[in-house]
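Student: Hi! I'm new to this one, could you walk me through it?
Tutor: Happy to, let's look at it together.

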Amino acid sequence: MEINKHNFELLLPTIREAIDESQFVSVDFEFTGLKKSNDQGNFYYDTLQDRYEKARNSAKSFLVPQCGICTFYWDDESKKYKAKAFNFYCFPATGSRELNISPCFLCEGKSLEFLMQNGFNFNEWIEKGIPFLRSKEENQARERLNTLFDNEIKIDERNKEFYTQFKTQLDDFLQNSTEKSILVKAPNRYLKKIIHQQVRKLTNGFVASESASSEEIRLTKLTEEEKYAYRNKEEKLADEINDLIGFRKVIDYLILTKKPIVGHNMLLDICHMVQSFHSDLPHNFTNFQKRINTLFPTIFDTKYIIESTNKLREMFVTSTLIDAKRIADNNIRNCPEIDLMVIPDDEDITSKNYENLELCHEAGFDAYITGILFIKLSAFLENMITDDSEQEKQLLEYEPNKLSIGSNQLYKKYKNRVFIMQSDMAYISTAKGKDDIIDRSNVFYAYNYPPSWRIPVLIKTFEEGIYGGVHVCLDQNSSGCFVKVFDRKMVSFFKQKWMNEEIIVVPYSEYQKTLEENPELKTNKKQENKRKRENSVDIVFNSSKKRKFEDDEIDIRKEKKTSSIQHTSKEKGKGKAEDEDENKEGKNKESEEKGEGEEENREREEKESQNEKSDLEDGEISESEIESPYVESDEESTDSEKSDDNEDDDESDGFILQNTSTRIFKFNTKQKRLILNHAYSKNDQNKNSNSNSNMNKNSQTNPRTHEKRIETSNSICIIC
């Protein structure tokens with residue numbers, strides 16, 4: 001049956017009735033988390049106090065979003081057990097702003113993902129979850145409410161006469177008058193406050209007071225139905241606190257009835273049931289036992305029943321809840337039948353038939369199958385049990401078809417014992433007794449061995465010559481390890497063997513004393529790993545800073561080298577420019593001398609050409625008018641490309657000029673002279689202006705060394 005905040009008050013009497021008639025109640029809780037990330041996990045050699053503190057920290061940090069309760073009672077008419085299952089969504093109470101209730105809790109990502117995968121409805125949890133408020137928070141809210149409205153006005157001597165007249169008028173109105181309402185004179189605000197205050201105080205809410213005018217107040221008689229509608233703010237907040245108690249009413253009723261509580265691996269369930277819905281868990285494990293034994297004097301853990309009974313341990317391959325229930329269904333036949341009572345659905349109630357559904361990890365379903373498993377295990381134990389001391393089968397007397405839970409000596413060895421995982425302890429007792437003493441006389445603490453040794457090496461070292469072998473477990477709080485000798489007869493031999501060795505071995509009883517005497521052994525491995533991670537981060541950070549510093553130095557060296565190269569190239573460019581200027585001056589003088597001789601030759605040639613033209617026939621062309629440039633062949637062009645680097649050395653043979661296309665031209669002597677004169681004059685104008693810009697444009701970066709290189713500027717093309 002699904003229970004939420006809308007139908008909780010409606011079904012609360014049904015829940016209480018089911019608890020009253022039940023023989024036992026099975027419970028199961030879901031959690032928003034199990035362990036905080038910085039908390040240590042369960043350790044094999046935890047003490048009772050250590051293991052309790054870990055469960056307590058989990059219950060204080062996380063929340064119970066879903067609670068399952070299933071009641072079981074015996075029906076004499078049908079000779080069957082009847083079950084009633086209830087599934088509660090529980091969301092912590094918040095309330096109005098004036099109450100200042102705002103609880104905080106943690107969530108573990110994996111736990112929320114696990115709940116989602118198993119069909120948990122988070123929207124219904126938040127929207128329809130039943131609020132709950134512990135006694136401590138309830139008292140704090142009521143004190144806050146009293147402080148908020150505790151502003152009673154004292155009646156002074158001057159207004160006592162007015163108050164006496166008003167009280168007489170009010171008594172007459174209540175006792176003698178048949179009218180529904182009357183008007184009372186109140187000349188000022190102070191007197192109005194007195195009237196409102198005394199009406200609430202004297203009439204217990206059966207008379208409403210409201211302002212009728214600036215000087216009058218109307219008093220109205222109320223029926224029981226009208227009284228709820230005329231509640232003031234203080235009364236509404238008080239009723240709201242009663243509603244916010246919520247699911248705690250169910251837990252309080254379980255505590256009141258002292259019904260046997262059944263669970264499966266229920267250490268966390270018990271801690272959450274107390275911490276979330278009753279009171280803060282005590283710090284000391286002994287006080288925890290007293291608290292639990294007072295609240296729930298009878299507790300049974302089905303997982304402990306399976307793991308502590310030889311016959312059952314042989315039967316059950318696994319003791320997880322759903323698998324254990326299936327194994328019990330297949331192997332335990334002689335047990336009472338169980339019927340699940342399903343209430344028909346209506347507007348306010350939604351029921352699920354858990355007999356035909358497997359809704360694993362829904363709290364109501366888990367509580368239901370926990371109760372079924374307990375009935376089957378109890379039937380098996382009552383029919384036939386093996387006494388471990390005598391190894392004989394004993395037939396036990398019991399009432400046919402009805403279990404004698406709690407009233408039979410058979411259950412004494414399982415009562416108030418909760419299974420504990422990953423430990424050499426079989427259980428935790430919720431009642432103070434002699435079974436709290438743990439016998440670890442066969443456990444030793446070893447240290448001073450090489451740090452590189454791991455568990456396989458340690459086992460091989462310590463089990464040499466030990467019959468039955470050993471169990472080795474690294475200590476969480478120190479650099480040593482624990483060694484457990486399985487065969488207690490070999491304990492004395494183990495002590496003698498390691499008495500005078502370099503590896504120090506002490507009994508478990510001296511473990512704490514050893515750590516106090518050798519504080520260097522104490523190392524919290526998680527803190528050590530954290531410290532290592534922090535150190536590694538520091539190392540990476542420092543190395544990155546060092547690399548950055550080295551990169552900056554390299555950049556500075558590159559800049560210096562680049563500037564020096566540019567400086568040298570500029571000096572070379574200046575020297576080359578000076579040499580070119582000297583060459584130009586010499587060439588200009590030569591060209592001037594040649595020009596004078598050429599003029600004389602030109603005059604002589606003109607005279608000769610005039611004489612030749614006079615001798616030519618019509619249509620003939622003289623040799624001087626023939627065009628000399630021609631396109632070279634492919635072989636000649638490739639040869640000319642190879643000789644580009646040696647252009648300056650071929651002055652005697654004439655200039656070979658390469659254009660951007662593949663065409664290469666050859667000029668005669670006269671054309672060469674004209675081109676030279678034009679090129680030299682143009683080169684003189686642009687040489688100095690373009691030398692620096694060409695050097696910057698031709699600077700490139702070497703892709704391998706990432707260093708800049710400077711190329712000298714190419715000579716200007718005399719064609720362009």
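This is a predicted model: local features need pLDDT of at least 70, side-chain atom pairs count only at pLDDT 80 or more; totals for chains, interfaces and linings use all residues.

Student: Which residue does R248 form a salt bridge with?
Tutor: Its partner is D252, and the closest N and O atoms are 3.0 Å apart.

Student: And where do R248 and D252 lie?
Tutor: Both sit in helix α10 (residues 248-257), four residues apart, which is about one turn of the helix. Helices are DSSP runs of H or I with at least four residues, numbered from the N terminus.

Student: Is R248 buried or exposed?
Tutor: R248 is buried, because its relative accessible area is 8%. D252 counts as partly exposed, at 29%. The cut-offs are under 20% relative accessible area for buried and over 50% for exposed, with partly exposed in between (1.4 Å probe, protein chains only).

Student: What about R158, which residue does its side chain meet in a salt bridge?
Tutor: That would be D156, at 3.6 Å from N to O. R158 counts as exposed, with 73% relative accessibility, while D156 is partly exposed at 25%.

Student: Which residues are linked in a network of salt bridges?
Tutor: K80, K82, E337 and D339 are joined that way.

Student: Switching topic: how many cavities of 30 Å³ or more are there?
Tutor: Four. On a 1 Å grid over the protein atoms alone, a cavity is a set of points where a 1.4 Å probe fits but cannot get out, and lining residues have an atom within 4 Å of a point. Grid points are joined across faces, edges and corners, and a volume is the space filled by probe spheres set on the points.

Student: What volume does the largest cavity have?
Tutor: About 60 Å³. Among the residues lining the largest cavity are M1, A85, L340 and Y354.

Definitions and conventions: Residues are numbered from 1 along each chain as its sequence is written. Side-chain values use heavy atoms; hydrogens and water are left out. A salt bridge is a side-chain nitrogen of Lys or Arg within 4 Å of a carboxyl oxygen of Asp or Glu. Helices (H or I, at least four residues) and strands (E, at least two) are DSSP runs, numbered from the N terminus. On a 1 Å grid over the protein atoms alone, a cavity is a set of points where a 1.4 Å probe fits but cannot get out, and a pocket is an open set with protein on both sides within 12 Å along at least five of seven lines; lining residues have an atom within 4 Å of a point.
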